[in-house]
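Here is a friendly walk through one part of a protein. Have the sequence and the 3D view open and follow along.

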Amino acid sequence: MDEVQSASTDITVARKTFRKIPSVLLGSLVEEPKKRPAVPNHLLESKIYSAFQRSKVVRAEPAVLHYGGYEVGKHHQQTLKLTNISANAINLHIIPPQTMYFQIKYSKAHRLVPGLSYVVTVDFCPDEWRYYYDCIRIHCKGDDNLVVPMHAYPAMNVVEFPTFINLSDVSIGQ
């Protein structure tokens with residue numbers, strides 16, 4: 001039986017010999033990509049969003065979204081209706097929530113004519129048992145800006161709550 005020799009790490013090309021450089025050394029020669037800073041949102045930084053439920057142009061139904069008694073790891077959805085209450089067709093910008101726990105989905109046509117509305121689906125998916133807060137901001141032409149707060153809070157399960165609680169007698173101040 002013939003003996004098999006191990007392959008050489010030398011490569012000969014055009015009468016030159018190159019040695020393979022270990023990948024550890026190559027990794028030290030390559031510069032790591034720099035993280036880019038987040039792109040600023042002009043509408044978020046320069047405008048004030050203070051009107052609740054309705055402005056001169058838009059009405060939000062419901063005014064506040066509450067997610068009470070959620071389950072960790074499950075998706076909970078609610079719908080938000082944004083209606084044009086002005087006499088003119090408007091173009092509005094819906095600025096999504098800033099946290100990863102709330103996501104929105106909607107289809108936006110060109111402009112919103114009077115009386116019609118956009119339906120926004122708000123999806124909430126918690127990763128732990130705690131209080132969550134965020135908001136959706138609606139920017140309209142001029143200073144008619146609207147904010148829709150969203151609250152998600154843990155609540156105890158009413159089904160497992162005892163019907164009778166016995167508290168023993170104690171002295172006043174104890």
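Predicted model: local features only at pLDDT ≥ 70, side-chain atom pairs only at ≥ 80, totals over all residues.

Take Tyr153 as your way in. Tyr153 belongs to strand β10, which covers residues 146–153.

Now follow β10 into its sheet. This is an open sheet of four strands, in the order β4-β10-β9-β6, and the pairing is mixed. At the edges you'll find β4 (65–68) and β6 (93–95); each has a single partner strand, so one side of each has no neighbour in the sheet. From one strand to the next, the twist averages 15°. As background, strands of a sheet pair through backbone hydrogen bonds, either parallel or antiparallel.

Cys135 has Pro149 in β10 as its bridge partner, and Ile138 stands opposite Leu146 in β10. The two strands form a hairpin with six residues between them, and Gly142 in the turn has a positive phi of about 80°.

What about the other neighbour of β9? Strand β6 also runs antiparallel to β9, and three bridges join them. Here, Ile95 has Arg137 in β9 as its bridge partner. As for cover, β9 is mostly hidden away, with seven of its eight residues buried.

Note on methods
Residues numbered from 1 in each chain as written. Heavy atoms only, no water. Pairing = 2+ DSSP bridges. Axes fitted to C-alpha atoms, helices over the stretch in contact; angles between N-to-C directions. Buried < 20%, exposed > 50% of the residue type's maximum accessible area, 1.4 Å probe, protein only.
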